Amino acid sequence: MTTVLPDAVLSPYAAGLLRVVTVPEATADDPIARQVVDTSRLSDRELGVLLAAAYRLLPVDPAHWVKLGITSACQQRQPVFTPESCAALLSALVDELAQPWGYGNPVLAVNALLRCEGPLPMEAARSAKKLVRALGGRYRHDHPYAMMALAGLGGGLTARIESTLFTRSLHSIARDEASVVSALGPVAQALLAEASGERSYFSPPRLPDVWQRLADMLEYASFAHRALDAAHRRVSDIQSGRIAYKADAAFERDEVGTLGRAVRVALLRDEPWLMGLLRPLLLGVAVAPTAARTAPSQALLHEVARAVEDFPTPEALAALRAARAVARHKGVQKQLDRELQRIQRALGDRPDVAFRLPDLGFGLDGVRTVTVGGYDAVITLSPDVDLTWRANGRALASVPAAVRRDHADTVKELRDLVKQARGHLAAVARSLELGFTAGATLPFRRWHDELRANGLGWSVARRLIWEVPDASGQWRAVLPTDDGFADLGGTPVPEPGPDAEIRLWHPLNTSAEEIRRWRDELTARELRQPFKQAFREVYLLTPAELQTETYSNRFAAHIVHYRQLYALMRGRGWACSRLGPWDGGDTDDAYRVLPGGGWRVGLRHEYRDQQPDGVECASTDRLWFDRRVGGAWRTAQLSEVPAIVLSEAMRDVDLFVSVTSIAADPHWLDRGDDHYVDYWREASLAELTATARTRRSALQRIIPRTNLADRCELTERYLVVRGQLSTYKIHLGSANILMEPENRYLCIVPARRGSHESVFLPFEDDRLALILSKAFLLADDDRITDPSIVAQLRARR
């Protein structure tokens, strides 16, 4: 057996485990052999050593359970291999083939090669050569790139080995890729295997920098240009008739994968030549050269969309929109719509490119006017994107009939422009919010050129509070103006120098008094921010969380509408599995990687049941934080989590609970489940969460500006409304209503539109709008005509 590392290099615990797996018969009575493997005590390098040793254990070996613990940890973390432990693992994989159950696992061998700290000894090359010979054509279709990397390590990718691995594949573009990577050596070949998605059950998570490492290879970057150029020329030949058209046959499966990798590398490198090839390529593969509702390659179209989602740019997003506009296949259109939505969200995660957006013809006033058939189509950006029509300066109620009849294509283009502008505004706002939650700064020159000087960017930036350095270097909170900046008192503040930094103001970093003043100022100006900033919730560690140390129960034990919860988590970038009444569907840990990439938050939730009317219920459990260490996640003490990271993550979970809790469901009492009803009664009138307290702060400023001012009062938990027939308490968390004096529940199902529409809301919040809608309704309760509400009021009297 190959020696991997002497015991002296390992911690005592790791050395004990190594003895258990290498000499199990001599350590049967060792206490460590009877304990569950505590992988948190092992370094990534020790994991690599132990995996190499444990892989030799037979399934019937008494210490086989140690192998299971080690391999399970390697699936979650990034083991590190020394040259010795890497060679030992390859040797173990060769010896495993002699067993009846032997698998060989070429992918795991390549995983170890990529995670090796130094040059491999000759023993590793000999093992790789043996693996390639022994496996032969066995995995030529399943893991060809992993086998190619092993062949490269074992002496080179010969023509005979290549023909064995790629008997039914490796068409022209993919063959060019294999040739380029083969010349770069086994590490490059291993990177290609990792990037291509070849995985095994025992594989660790994909290396977080695999695309960057591939993009850093100039030879591969040159290949990416050549591959996309070849693809463009082929599609041009199909569109011109030089190549006979056949639906979905323009590219072979391996070429689609190769071109997807080429697009990712070019996007990551932000190559200036990319859009000159990508846009015509997408337009060419999206629609047949005939009148057929097919496409030359749906596979490549959607592979490029997935690549753009991984590394989005505004230009690539625009090219995909153009492809969507020409596609005739309904299924292609629907799938592209879903992909475009995901790309739009992902673009906000790349602030380095998200602000590089076209102005779409909007001036700094946020208005674009287009004359169509003698009428003016006016598109305005703030606070939403609206399209209105005017004739001789007079606003019209709808699209003029003559325009709708004679200029239908132009009307469609204008409506598409509205959608595109909304998408760009959302991307800029999301990117700013993510940077804001990570405490990021921007060079003022970039802020000015990409936000201030762009009509779309300015529409977002001018509604946010920024911080600029003063003469002493201290941060000073300001609002942008047409001429520069102004502070809370309206005093002009000079612009910083082009090389100075600018950042978004966060309430976590200031006093309660300053927060109050900013909220008053924005409400007085009726300035709705593109995301919650002045009214943003703040979450601080509690004594209970300091006691639990590594997890929080602050949002545990809530009963929620599961389908709503699932959709909301996915929409806000959480990775989660679908729960349901099947094996393994009862519990899931949802994760979100937080801005900056160094932290992630986890939320455990459990499936409960399905109600007779089809409503699925789940319950929330603990929340915790993981820190990225060496490419893997390690659970952290809550006290170690940066304050802004903790606050922003808990804000997400508070949103989930407040929106999806059954406490906000006015129909829940009719379902009759006693346990759920008890929760509903308690939670629907509970102490306010941070989200609800922010709602209360907004109502303090909104109510005095309405004709409800003398009919309402804010208490700690309720908005109290005095109607003509009764007095009502609207809970600021759930929006549920109690009628005084006996606190009888009043069920009011929200309408699609309410009478509060003309009231300024400082931020978008459906629950806040619902509370106001109910308040307006109940203030004039003697004029209510809805039969279900009238019946409840009469029953009370």
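Visitor: Which helix do Y562 and Y566 belong to?
Guide: One thing first: this is a predicted model. An α-helix has 3.6 residues a turn, so residues three or four places apart point the same way. Y562 and Y566 are four residues apart, so about one helical turn separates them. Their helix, spanning residues 562-571, is α25.

Visitor: How many aromatic pairs does a search of the whole structure find?
Guide: A pair of aromatic rings is described by the distance of the centres and the angle of the planes. Going through the whole structure that way, the search comes up with a count of 15.

Visitor: Take F535 and F763: what kind of pair do their rings make?
Guide: The two ring centres are 5.3 Å apart, and the planes meet at 50°. Planes under 30 degrees apart would count as stacked and those over 60 as edge-to-face. At 50°, then, F535 and F763 are tilted.

Visitor: How many residues apart in sequence are the parts this pair ties together?
Guide: F535 is in the loop between α23 (512-525) and α24 (543-548). F763 belongs to the loop between β20 (744-746) and α29 (766-779). So the pair ties together parts whose separation in sequence, in residues, is 228.

Visitor: Are F535 and F763 buried or exposed?
Guide: The cut-off for buried is under 20% relative accessible area. F535 comes in at 3%, and F763 has a value of 3% as well. So F535 counts as buried, and F763 is also buried.

Visitor: Back to Y562 and Y566: what is their centre-to-centre distance?
Guide: They form an aromatic pair, with 45° between the planes, which is tilted. Y562 has 0% relative accessibility, so Y562 is buried. From centre to centre, the Y562 and Y566 rings are separated by 6.1 Å.

Visitor: Which arginine lies over the face of Y551?
Guide: There are a couple of arginines to sort out here. R600 has its charged end over the ring of Y591, 3.8 Å from the centre. Over Y551, at 3.7 Å from the ring centre, lies R622.

Visitor: D781 is buried yet has no salt bridge, so how far away is the nearest side chain of opposite charge?
Guide: D781 lies in the loop between α29 and α30 (787-796). A polar atom of its side chain is 3.3 Å from the backbone nitrogen of S726. A salt bridge would need the charged atoms within 4 Å. The nearest oppositely charged side chain is that of R711, at 5.7 Å.

Visitor: Which residue is joined to P741 by a cis peptide bond?
Guide: Most peptide bonds are trans. P741 sits in the loop between β19 (737-739) and β20. Omega is about 10° at the cis bond, and the partner of P741 is E740.

Visitor: What is the phi of A735?
Guide: Most residues other than glycine have a negative phi. A735 is in the loop between β18 (727-731) and β19, and it is buried at 0% relative accessibility. Though not a glycine, A735 has a positive phi of about 70°.

Note on methods. Residues numbered from 1 in each chain as written. Predicted model: local features only at pLDDT ≥ 70, side-chain atom pairs only at ≥ 80, totals over all residues. Heavy atoms only, no water. Phe/Tyr/Trp six-rings, centres within 6.5 Å; stacked < 30°, edge-to-face > 60°. Helix = DSSP H or I, 4+ residues; strand = E, 2+ residues; numbered from the N terminus. Buried < 20%, exposed > 50% of the residue type's maximum accessible area, 1.4 Å probe, protein only. Lys NZ or Arg CZ within 6 Å of the ring centre and 35° of its normal. Lys, Arg positive; Asp, Glu negative; His and termini not counted. Polar contact = N/O pair within 3.5 Å; in protein donor to acceptor, adjacent residues only side chain to side chain.
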